[in-house]
Every structure is written in structure tokens, then in C-alpha cells.
Amino acid sequence: MQVNGEHVTLEAPVSVADYLETHGYRAERVAIELNGEIVPRAARAEAMLDDQAVLEIVQFVQGG
Amino acid sequence: MSTITPVTEASVDATPLPPQPAVVNPVGTAAPILPVEDKPLNLGGHEFHSRFILGSGRYDLNLIKATVEHAGTEIVTMALRRATTTENSVLDYIPEGITLLPNTSGARNAEEAVRIARLAREVCHTDFVKVEIEHETKYLLPDNAETIRATEMLAGEGFVVMPYMFPDPIAARQLEEAGAAAVMPLGSLIGSNMGLRMRDFIEIIIANANVPVIIDAGIGRPSQACDAMEMGADAVMAYTAVASAGNIPLMAEAFRHAIDAGRAAYLSGLGKVTEGHAVPSSPTTGYLH
């Protein structure tokens, strides 16, 4: 699958929530877009990633 | 030898003046001098007392809190980017109670701006968004046509839309009609510290606006921020001028004072300008000759 524009190999399907936790993202500080659609916080445990998934994980940075 | 007691703020406070009778302005109009109460800055129904919007960085994260406090600001901008797991979150460094204003920098058209705005709302649960749509990195000029389109789409989704714009008075009117909560014309190129180069057109925008006008880019010095406020701007946003200062929190404080001074001058009503001749400030009678 693709995560933030990088190709990533997914061993087995996982939920968005599990992916974030396993990879050390702070769940409360990021927004998620899966295949072009926002995944609301409450839906992260159910949203599943497969090897075709295009995932964007974004956060705030300093800026004007 | 007599001693002179220095005047301190405490000694001034200790001897309040008795109530003063109303006096008339000795120069220019005969308007009575009255205390003026300022109205809060209203952005989409949200009220703010500070008229200084601050960019969140390009400096040490640990300086943000002091800078925000010295600025007295209530609104801080930030950008949205792909997340890494190694970076500290800027949100951890913003003091409580500050309104976050995400920008859509990186967007090249209205659709990309809408996408970024929605993601930003998902992170911080704010409806505020500063629309910023640019195509190139040399001048970073905003695309007014796409910005108007994005403003209409985002206002329709309930966002408080604050568009960064090239100071075209016609576009400012169209942004208002599209539902903008404020317009943010650039003073000069982003990050250039060149000041109010677009002054004449910003004055036209201010004269005709029904929403707050916030001068956004290029303000490089407190005196320029003061100038913008004297002109009648409703607020000033600064970022590079503060971030590139030698002492960042102190510069933030300087901007705060300048913005307050400019606002007070605007509310007080500036005296008229005369050209080609002097206006005596001392009596023209009773000379010793």
C-alpha cells in the first residue's frame, strides 16, 4: 500500500487505529485520509487497510 | 540642592486626575474629545480582543509560548503536512485558549484547499481556515480566482473562511459575496519584510469592506503594522518579521504595542494633512516685536 506517498508492504490487513499505534503515530494529533476519504476518529478502529490502500497521515506543523 | 522625584508608573497611578470637563478639539474639527470604546474583532461570530494574528514558527518550539504571551495574541496560524513519527507536535507548545487558524498552504487550486481544510478540521476541531492558494514558490502570490471558489465551497461547509488574497478590491468584494468571514490582503510578498507596498489598493478595500480586513503578508516592522492599523485595517498578521528577529518574544511585544497604538490612532481620528504650507501651533498674536 501507499503511506504518505511511500510504498509500504503490508503483511496482513490491519485497522487504521492499529496501524497508527504500531508505527508510533500520536492518534490524537493526526488526521487520516484513506483512498481519498477522511476517516473520522471514531471510525479508525473499523477502517481496514489492505495492500491497495492509499493512506495519508497528516499533522500540524509550524507555519504562517 | 533640590531633589527631583522621578515619575514612575506607580506615582502616576497614585494621583488620579479629577474628572475633566468635555473639551473641544483645538485643531481641525470641533468634535468633542470623548473616550472611545473599541469593539471586539468579529470573525464569523467569534469575538477577539487582540488584533494581532501570529504565525506559529520557524523558530524553536520552546519559544512559542513566550512569543504568544508577549504578543497578547488570541489566534495562531499553522500549516498541515504529512506526519512523521519523529517530529514534536506544534500543538503541544501552543498555550491553552488560543484559537488555531490552519492555513491551506501547499494547495494549488480550490479543490486542494478544501481537502486540506477538511483534514485540518479533523485534527483540531476548529472551523477556522486561512485559505492560501499558490502556484509557484518564487513570489508565492495568491490565486484570487481559485481562492474565491474555495471560499464559496468552504463557507458552504460551515467554515469560518479567512482568505489570503492579492489586494484587488473587486476580488475582495467577490470574496465577501462568497462568504468570507474576513479578507486578508497581502502588504507585499510573503516573508519579504517589505511592508505596505500595496497601500493604495488596501485603502480602497478597507473603505468598501463589510468584513474585517486583516493585512497578512510582508509586514516587516512594528511601524508598518502601526501604519496599517492607522489606515483602518482591523488586524495584522505577522510571521517572518517576528520569527526572524534577534529576540523573538520581544519583537512580538513590539508588534503588540504598535498594533494597539495604530488602532487607538485610527479610533481617535487622525488630524488632516495640509500640504504646501505650515499651520502654526503657537498663537500668531502677542509677538515681542
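The questions and answers below concern this predicted model.

Visitor: Which residues of helix α6 of chain B are buried?
Guide: Helix α6(B) spans residues 199-208. Its buried residues fall within an arc of 100° seen down the axis, so they line one face of the helix. What covers them includes β7, α5, β8 and β9 of chain B. The buried residues are I202(B), I205(B) and I206(B).

Visitor: With which residue does E203(B) form a salt bridge?
Guide: An α-helix has 3.6 residues a turn, so residues four places apart point the same way. E203(B) is partly exposed, at 36% relative accessible area. The N to O distance is 3.9 Å, and the partner is R199(B).

Visitor: How many residues apart in sequence are the parts tied together by E111(B) and R149(B)?
Guide: The closest N and O atoms of this salt bridge are 2.9 Å apart. Both residues are partly exposed, E111(B) at 41% and R149(B) at 33%. E111(B) lies in helix α3 of chain B and R149(B) in helix α4 of chain B, so the pair ties together parts whose separation in sequence is 38 residues.

Visitor: How many of the residues lining the largest pocket are charged?
Guide: The largest pocket, with a volume of about 550 Å³, is lined by 32 residues. G64(A), E132(B), L140(B), I190(B) and Y239(B) lie nearest its centre. The lining includes 11 nonpolar and 13 polar residues, and the number of charged ones is eight.

Conventions. Residues are numbered from 1 along each chain as its sequence is written. Chains are lettered from A and ligands numbered from 1 in the order in which they are written. This is a predicted model: local features need pLDDT of at least 70, side-chain atom pairs count only at pLDDT 80 or more; totals for chains, interfaces and linings use all residues. Side-chain values use heavy atoms; hydrogens and water are left out. Buried means under 20% relative accessible area, exposed over 50%, partly exposed in between (1.4 Å probe, protein chains only). Helices (H or I, at least four residues) and strands (E, at least two) are DSSP runs, numbered from the N terminus. The arc is that of the directions from the helix axis to the C-beta atoms. Contact means heavy atoms within 4.5 Å. On a 1 Å grid over the protein atoms alone, a cavity is a set of points where a 1.4 Å probe fits but cannot get out, and a pocket is an open set with protein on both sides within 12 Å along at least five of seven lines; lining residues have an atom within 4 Å of a point. Grid points are joined across faces, edges and corners, and a volume is the space filled by probe spheres set on the points. Ala, Val, Leu, Ile, Met, Phe, Trp, Tyr, Cys and Pro count as nonpolar, Asp, Glu, Lys and Arg as charged, and the others, Gly among them, as polar. A salt bridge is a side-chain nitrogen of Lys or Arg within 4 Å of a carboxyl oxygen of Asp or Glu.
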